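Here is a short briefing on one protein model.

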Amino acid sequence: MGNQQAISPQQQENQSELSPQRLTSDWLNISQPLIKPADLCFDDPPPVANNVLFDKIYGSMLGMAIGDALGAHIEFRPRVYLDENPVKNLQGGGTWGLEAGQWTDDTSMTLCLASSLIVKKGFAAYDQLVRYKWWWRQGYMSSTGRCFDIGHSTKAALDEFVNRQHKFKENLNIGFKELDLLSETSLEEFDTKCSRENIDSNGSLMRLAPVPLFYCQVKSATYAIHYAGESSRITHAGKKAIDACRFYGSLLYAALNGRSKHDLLDKKFYELKLNAGWYGSEPLHPDIVRVAEGSYQTKDRNEITASVMAEQALEAALWAFYNDGDSFHVGVLKCVNLGDDTDTVAAIYGQLAGATYGEKQLPKEWSKLIYAKNFIENISKWLQYEGYQWSQDRGGNQVE
């Protein structure tokens, strides 16, 4: 893959014949016939000369997938079980009967979001919902070719999205294939906020990384933070779920732009960034502020809950990050061995720890086992490339 000549999107659009090495966005728009991620094959984008940043972007995406895969085989196991049978390595079987390195809904939805940002060259809520629907109904971006694990809140939001699509289809008198690929100008009257306003579970936090990864090269952090919240609103519209994403988005933006782990864990990080205008005119929910100001730093393992709720999942991931001794290996196992929502808390941890430590510092013995690793690397390159193009129209990549 890396040895092939990069072809720009403009050049590819002028090619009429399909080939095994098609334009990334062409492949990413295919939902039928289904092509599994490991079988996707296309060129890298034109290079962007920032290898340090790419190490962080790829580290975040791959770190998330490692966490997801590591926790998959004991997902929903109680802590007492993990106390007696602690996870020490990446393995298959268990809850979903996956092979070692295969991942669950966390990574599938992350790849759907990343694909949307790349294809649409920015944030497009309708397209994100379309891709989540493709995953749910057709196995798009699944490691097994089907959706085998979906959260209740996510499914409810996608049910509502499909219902709204049916009504919209009748008004426009078009087919479903056309409906899924509508342009943004055709969607002005479509309401993409498909979640009830009290949904505060962690399903949007687990898939968050592509948003700050895409927007990290523009000098204002407000884009990454605003769209982090908007990415939650379409499926998880509770104030705490949205603000958990906004805060974690701000940490990822800072990590990607070279801020030290010490800075990220500073109890005054939120206060300083709020005063600097990072969160605009909307402060975070008090319960998320409590976590942001270091609640996890005074708690031991018995006081941490690996919950399906966004607030608790955020706190658990940050607790592991704070106590990992600068080792991804140590931190991700701390997450998994908390029990309960093992894969999601580990995936959330992996996003920030991967961005902080970089891909080169991830455990090689686990990285090489990750399903569709080459695809994740290619997606990471396209996120950096399209994010860079987007940033050039908004002040370049000088961090505030």
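The notes below are grouped by topic.

This is a predicted model, in which local features need pLDDT of at least 70 and side-chain atom pairs count only at pLDDT 80 or more, while totals for chains, interfaces and linings use all residues. Residues are numbered from 1 along each chain as its sequence is written, and side-chain values use heavy atoms, with hydrogens and water left out.

**Largest pocket**
- The largest pocket has a volume of about 340 Å³ (a pocket is an open set of points on a 1 Å grid over the protein atoms alone, with protein on both sides within 12 Å along at least five of seven lines; a volume is the space filled by probe spheres set on the points, which are joined across faces, edges and corners).
- It is lined by 18 residues (those with an atom within 4 Å of a point), of which Gly151, His152, Asn202, Val308 and Asp341 are the closest to its centre.
- Helix α7 (residues 152-172) contributes the most to this lining, with three residues (helices are DSSP runs of H or I, at least four residues, numbered from the N terminus).
- Five lining residues of the largest pocket are nonpolar, nine are polar and four are charged (Ala, Val, Leu, Ile, Met, Phe, Trp, Tyr, Cys and Pro count as nonpolar, Asp, Glu, Lys and Arg as charged, and the others, Gly among them, as polar).

**Cavities**
- There are two cavities of 30 Å³ or more (a cavity is a set of grid points where a 1.4 Å probe fits but cannot get out).
- The second largest cavity holds about 30 Å³ of space, and its lining includes Trp103, Trp135, Arg146 and Asp149.
- That lining is made up of four nonpolar, four polar and three charged residues.

**Nonpolar core**
- The largest nonpolar core has 124 residues, and Phe247, Tyr248 and Tyr349 have the most contacts inside it (a core is a set of buried Ala, Val, Leu, Ile, Met, Phe, Trp, Tyr and Cys residues joined through side-chain atoms within 4.5 Å).
- Helix α11 (residues 239-256) gives the most to this core, with 11 residues.

- Lys121, not a glycine, has a positive phi of about 55° and sits in the loop between α5 (105-120) and α6 (125-138).
- Lys121 is partly exposed, at 42% relative accessible area (buried is under 20%, exposed over 50%, partly exposed in between, with a 1.4 Å probe and protein chains only).
- Asp340 has a positive phi near 65°, lies in the loop between α16 (328-336) and α17 (342-357), and is partly exposed at 32% relative accessibility.

How values were computed: Helices (H or I, at least four residues) and strands (E, at least two) are DSSP runs, numbered from the N terminus.
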